[in-house]
Amino acid sequence: MPLPRPAFLQLPVLVLDLLLQRLQFNGCPLLRALIISQVYHRILLLRFWVGTMSARHQVFENGLEQVELLPATNDDHGGVIVEMEGAMGSEVFATLLRASVSEWRRQGKKGVWIKLPIGLANLVEPAVKEGFCYHHAEPDYLMLVYWIPDTSSTIPLNASHRVGIGAIVLNDKRELLVVQEKSGIFQDTGVWKIPTRVVEEELFNLQGENLFMAAKREVKEETGIDTEFQEILAFRQSHKVFFQKSDLFFICMMRPLSFDIEKQELEIAAAQWMPLEEYADQPSTQKHKIFKCIAELCSAKMQGDYTGLSHLRITSAFNNNFSYLYLNSRDLNVSSNSSDQS
């Protein structure tokens, strides 16, 4: 069945053409521009009307109306994932979303995830009006969620922790590699500290940064010293630190491969090899418990009285993806992957 054409589109194009020709010969550029804008306006209205009607009525088959739905894939927990890509008007999207949720409810689906690229920010408001909530945001997209059943939602919360590392680098002279920072809470305090950084979730378009990679990269960036990861000596957990998120801070033992310091100019005010005793005697080391523990860890490692956790590369039996397990390989008699120093 053909769709009826709305009345506002009935203005004949031939009449507009004749008006344009007459105005052109009579030297009326202002009126000619006005007529052109009216034509353009009606073209936009036509495109919107066709898009809206096609969203509501796709085809007829066996006398039954087939309603178009948003493209979606099933997740592993009885829900669906919608990844929007192409441009779409907010009214068209709202119509498709209502029809889709209704169909997913009929199918017994549970959670609905909608990933909106930053270029489709116009679709956020209609999604929220349909009951969707923010789940998390990244630089290039926003994720919204909706729980369909009349039960408590089991949609997992957004990631709750930030991960950071600190790098202990000791040379054969019982000297510790330390820096003074140009910004942050230790700016202009004269405090010498070990290199630290936040682990990057997406590094150079990779699927995340491993702890030992982060430690190597931070030492290299701040001091110019090449290192090899040896062990995780300890870690600290704290809460409500960064935007009310929890924080995991891993202290890594690194072996220096070079010794000539080239400090980073942007973030580092100074860098040096400092005798461990001098580091331990700093007022800041005595004041801050974690600084004091770092000094004690250094002493224990040099005396051979402390064993940390080395990294072991393992492969998942589900999807063949690899990851790293950190363990006491010496006492467990398991060889770590020293070759994975990428």
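This is a predicted model: local features need pLDDT of at least 70, side-chain atom pairs count only at pLDDT 80 or more; totals for chains, interfaces and linings use all residues.
The second largest pocket holds about 770 Å³ of space. A pocket here is an open set of points on a 1 Å grid over the protein atoms alone, where a 1.4 Å probe fits, with protein on both sides within 12 Å along at least five of seven lines, and lining residues have an atom within 4 Å of a point. The volume is the space filled by probe spheres set on the points, which are joined across faces, edges and corners. Of the 26 lining residues, Glu181, Ile185, Phe186, Lys193 and Thr196 are the closest to the centre of this pocket. Elements giving two or more residues to the lining are strands E8 (161-169), E10 (196-198), E11 (227-242) and E12 (245-256), together with helices H5 (211-223) and H8 (289-302). Helices (H or I, at least four residues) and strands (E, at least two) are DSSP runs numbered from the N terminus.

Residues are numbered from 1 along each chain as its sequence is written, and side-chain values use heavy atoms, with hydrogens and water left out.

Now for the chain as a whole. It has nine helices and 15 strands, and 39% of its 342 residues count as buried. Buried means under 20% relative accessible area, exposed over 50%, and partly exposed in between (1.4 Å probe, protein chains only). Among contacts (heavy atoms within 4.5 Å) between residues at least 6 apart in sequence, 60% join residues at least 24 apart.

Seven of its seven residues are buried, so E9 is largely enclosed by the rest of the structure. Glu175, Leu177, Val179 and Glu181 point one way from E9, while Leu176, Val178 and Gln180 point the other way. In general, side chains of a regular strand alternate between the two faces of the sheet. E9 pairs with strand E13 (residues 268-275) in the antiparallel sense over seven bridges; two strands pair if DSSP finds at least two bridges between them.

Elsewhere, five strands form an open sheet of mixed pairing, in the order E3-E4-E5-E7-E6. Strands E3 (73-74) and E6 (133-138) stand at the edges with a single partner strand each, so one side of each is left without a neighbour in the sheet. Helix H3 (residues 90-106) packs on this sheet, touching E4, E5 (111-117) and E7 (141-147), and its direction makes about 155° with that of E5. That angle, on a scale from 0 to 180 degrees, lies between N-to-C directions of lines fitted to C-alpha atoms, for helices over the stretch in contact. Five of the seven residues of E5 are buried, so E5 is largely enclosed by the rest of the structure.

Here are some bridge partners from these strands.

| Residue | Bridge partner | Strand of the partner |
|---|---|---|
| Glu175 | Pro275 | E13 |
| Asn74 | Val80 | E4 |
| Val80 | Val112 | E5 |

Finally, Val198 lies in strand E10 and is partly exposed, with a relative accessible area of 35%. Its C-alpha is 4.1 Å from that of Gly164, 34 residues away in sequence.
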